[in-house]
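Here are a few exercises to work through with the model open beside you. Try each task before you read its solution.

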Amino acid sequence: MNKDKTIDKKNKLTPDGMGDRLFEECAVETGIAYGLACVFEEAGYRKVRTPGLEFLSVFGSTSSYFPQEEVYKLSDSKGRLVAVRPDSTIPIARLVATKLKGAELPLKLYYAQNVYRRQPEHRGRDSEVMQMGVELIGEAGFSADVDMIDLAVRSLAAVYGGRFRIEIGHVGLYKRLMERLGADEDVCERIQRYVESKNYSALEDALVGFEDRRTAEVILRLPGLFGGAEALAEAAALFKGYDDEACSMVAYLSDVMGELAGRGRAESVMIDLGLVNRAEYYSSLVFKGYGASAGEPLLSGGRYDELFCDFGEEMPATGFGVNIDLLTEAAMGGEGSPADDGLAGGQMENNGNNDRPLRIALAKGRLEEEFVHTLSRWGGYDTAPMEDRGRKLIVFVPEDGGWPERGVEVILAKAPDVVTYVEQGVCDIGIVGKDTLLEHGGTYYEILDLGLGFCKFALAAPAGGAVAGGAAPQVVASKYPQYAGRYFERLGLDVRIIRIEGSVELAPLIGLADSIVDLVQSGATLKENGLEVVSWIRDISARLIVNVTSMKLRKDEIEAFAERVDAPSIIINSESGDA
């Protein structure tokens, strides 16, 4: 039978960020969910489920945590705005304040349901994620916090066979420091982002000009306070005589770590006082769980004592959520089968996953040449394999003196791909220009300014033209449209940005744009094409970025490598590319 009907090709596709799950993957996911449910129920938690659609106003008070562009929105039969569930904790708070109002406390609830958040295009992240988690509602204090972290350790131990760690922080420290600094809301948001991402260079710039230099110096130290007992000792010394309230918070964390060590969890937990994400959401203790085979956190949680005020109630609460999809991917890759001895954390070596050498993604081109020179001159590596690599894109670089076990594996890639490889966790370290980080953003730690590949972002225009004479640009061409757009937005200028991939200097010459935003070194190319710098925007140099999980599990190795290549530069300890 002939069919004249034209088939819409989209009916064979899934929307961006969505995907199908097939047989084995579904079986593995079911096993992980069952394992977690057993752990939760053994601890006294009972299952609840909330609707996939909630009124958008339910998430209104947490808009800073759930930006509007991340939320899928619909309208109901009466034209009211509803949200496709982006989070499970807030709907459970609504449920407790209504269906369970007046119930005997504490309430121990757990859930297993999907959440939906729009993700940046082509970043390899799912917009639909299966989560399981627990909420302990109506119980505060030391024992509740320790029990929750202990439950997080037991949960990962039950369903994840790779090496993992739980990192613990206290958002109260950050809030206290912001209170003392007296910064406005916009500056506080930037500082929070720089602290969380360990971007010391941007953090130092953001703190310039504040009269309270002692507080500024303490904030600058905050991102580097992570590790074991030594990090707590350093924090205690830093806050002693400066702020009694901050000292109490550090002492509390020390007590938590001590109790967890007494329960045999010493090798499973670490401190990170730079963990200040969702500071407007959490109230005190926060924690995340990282696994050796996952580039993103497997688990995230903390205490949120103020959340119920949005629903007319006052009660303490704490909990965590587990990313089931990441656990499933790890299991499918051979890293995620449950540990045989019942506690995966106890199997960890101090430096995390040492099954392979540190893997470094390096941007090809001029930066490659400069960094190879740094490896040879300052790092103590035998760079002959790099200098004679031919067309190889993966090169092993041994240490001088014939020590291959102390070498590193270098992956040659285009600059934007360096960020992707680090963000996805297939490389531990990335060497890339700050221009790429500013344009593409991402999730990583930016721990070092290598001082290589130095140049500047500049606004340039035809010499003698209107823009060069002081007029505001109207149309700007750039290889960096995202960064250029943010720059003019901060200036309050309504500018049309055109992306150019080749010689951007051509755009004003042929009438496509009245000016450009581009990298400038000597300025010779601008001059030869009749352009001049109208204003310098910011300095650019090569940065050393680190995968978030690698930094937790291979801290000593990464810091040692950074120290070795740091001789000609300044160490400056980013989770998202700053603006």
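## Exercise 1: the pocket lining

Helix H14 gives the most to the lining of the second largest pocket, with 4 residues. This is a predicted model, in which local features need pLDDT of at least 70 and side-chain atom pairs count only at pLDDT 80 or more, while totals for chains, interfaces and linings use all residues. Residues are numbered from 1 along each chain as its sequence is written, and side-chain values use heavy atoms, with hydrogens and water left out.

**Task.** Describe the second largest pocket: what is its volume, and which residues lie nearest its centre?

**Solution.** 
- Step 1. Start with the terms: on a 1 Å grid over the protein atoms alone, a pocket is an open set of points where a 1.4 Å probe fits, with protein on both sides within 12 Å along at least five of seven lines, and lining residues have an atom within 4 Å of a point.
- Step 2. The volume, meaning the space filled by probe spheres set on the points, is about 930 Å³ for the second largest pocket.
- Step 3. Its lining has 35 residues, and Asp 435, Lys 479, Tyr 480, Asp 518 and Leu 519 lie nearest the centre.
- Step 4. Two or more lining residues come from each of helix H11 (366-379), helix H13 (415-424), helix H14 (434-440), strand E21 (515-520) and helix H17 (524-528). Helices (H or I, at least four residues) and strands (E, at least two) are DSSP runs, numbered from the N terminus.
- Step 5. Sort the lining by type: 14 residues are nonpolar, 11 polar and 10 charged. Here Ala, Val, Leu, Ile, Met, Phe, Trp, Tyr, Cys and Pro count as nonpolar, Asp, Glu, Lys and Arg as charged, and the others, Gly among them, as polar.

## Exercise 2: the sheet of 5 strands

**Task.** In what order do the 5 strands of the open sheet with mixed pairing stand, and why is one side of E20 and of E22 left without a neighbour?

**Solution.** 
- Step 1. The order is E20-E19-E21-E18-E22; two strands pair if DSSP finds at least two bridges between them.
- Step 2. Strand E20 (496-499) and strand E22 (531-540) are at the edges with a single partner strand each, so one side of each lacks a neighbour in the sheet.
- Step 3. From one strand to the next, the twist averages 25°. Angles run from 0 to 180 degrees between N-to-C directions, and axes are lines fitted to C-alpha atoms, for helices over the stretch in contact.
- Step 4. Strand E19 (residues 475-478) runs parallel to E20, joined by 4 bridges, and Val 475 is opposite Arg 496 in E20.
- Step 5. Helix H15 (residues 481-491) packs on this sheet, touching strand E18 (455-462), E19, E20, E21 and E22, and its direction makes about 165° with that of E20. Contact means heavy atoms within 4.5 Å.
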